[in-house]
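Here is a friendly note to read with the model open beside you. Take the points one at a time and look for each feature as you go.

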Amino acid sequence: MRFLKLILISFVVLFIVVTLLGLLFPSTVIVSRAVDVNAPKDSITILIKNMYGWQKWIEGMNGNNVTIESPTKAILGKTAVQIEVVNNDKIKSTWTGTNGNIQTGTINLFNNAGQSTTVVQWEFQQQLKWYPWERFASMMNDKILGTMMEKNLNNLKVVAEKR
């Protein structure tokens, strides 16, 4: 009985310590990548303003597990994606996983007047709950999302510069 009590108390103390350590991590995680594209903003906007344009540069958008429901809504595997805002400088989308996790994806376009190069900056932002496993898992966001974002931004660069 004494041994079980020690195990229970140790488990509770360990959980509290891990939770407190997790609370030291930020509650908002942002992963951002950018690429310079030698193309005018208009030719890039065509590729990023709807799901049909995304099919040309986002890897996996033509897969069997992707359902495009409308120009602004798609199901990518287990994630629902909804494009919320489209204007000349920004495309904002909401990515909702089956577990209810929501990430906001924003693609910003920057270019100086008279220059043919456009900077495409893509970021994902996620609000985290207090759960320690969620806070610690967020450390992998940059490695997982960042690699995917870099690859897809390079695909966008190739496609846009061919136009």
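**Notes on the fold and its spaces**

1. The structure holds one cavity of 30 Å³ or more. On a 1 Å grid over the protein atoms alone, a cavity is a set of points where a 1.4 Å probe fits but cannot get out. Grid points are joined across faces, edges and corners, and a volume is the space filled by probe spheres set on the points. About 30 Å³ of space lies in the largest cavity.

2. Before going on, a word on the source: this is a predicted model, in which local features need pLDDT of at least 70 and side-chain atom pairs count only at pLDDT 80 or more, while totals for chains, interfaces and linings use all residues. Residues are numbered from 1 along each chain as its sequence is written, and side-chain values use heavy atoms, with hydrogens and water left out.

3. Which residues line the largest cavity? They are Val 29, Val 31, Gln 103, Phe 124, Gln 125, Gln 126, Asn 141 and Leu 145, where a lining residue has an atom within 4 Å of a point. Strand S1 (28-37), strand S7 (118-127) and helix H5 (141-162) each give two or more residues to this lining, and the largest share, three residues, comes from S7. Helices (H or I, at least four residues) and strands (E, at least two) are DSSP runs, numbered from the N terminus.

4. By class, the cavity lining has four nonpolar, four polar and no charged residues. Here Ala, Val, Leu, Ile, Met, Phe, Trp, Tyr, Cys and Pro count as nonpolar, Asp, Glu, Lys and Arg as charged, and the others, Gly among them, as polar.

5. Now follow the sheet: seven strands form an open sheet in the order S1-S7-S6-S5-S4-S3-S2, with antiparallel pairing. S1 and strand S2 (66-70) stand at the edges with a single partner strand each, so one side of each is left without a neighbour in the sheet. From one strand to the next, the twist averages 20 degrees. Two strands pair if DSSP finds at least two bridges between them; S2 and strand S3 (residues 73-76) have four bridges.

6. Helix H2 (residues 41-48) lies across S1, strand S5 (90-97), S6 and S7, and runs at about 160 degrees to S6. H5 touches S1, S6 and S7, and its direction makes about 25 degrees with that of S1. Axes are lines fitted to C-alpha atoms, for helices over the stretch in contact, and angles run from 0 to 180 degrees between N-to-C directions.

7. Is H2 mostly covered or mostly uncovered? H2 is mostly covered, with six of its eight residues buried (under 20% relative accessible area, 1.4 Å probe, protein chains only). Those residues are Lys 41, Ser 43, Ile 44, Thr 45, Leu 47 and Ile 48. Their cover includes S1, helix H3 (51-54), S5, S6, S7 and H5.

8. Thr 106 sits in strand S6 (residues 102-110) and is buried, with a relative accessible area of 9%. Leaving aside neighbours within four places in sequence, Thr 106 is in contact (heavy atoms within 4.5 Å) with Lys 90, Ile 91, Lys 92, Gln 121, Trp 122 and Glu 123.

Note on methods
Buried means under 20% relative accessible area, exposed over 50%, partly exposed in between (1.4 Å probe, protein chains only). On a 1 Å grid over the protein atoms alone, a cavity is a set of points where a 1.4 Å probe fits but cannot get out, and a pocket is an open set with protein on both sides within 12 Å along at least five of seven lines; lining residues have an atom within 4 Å of a point.
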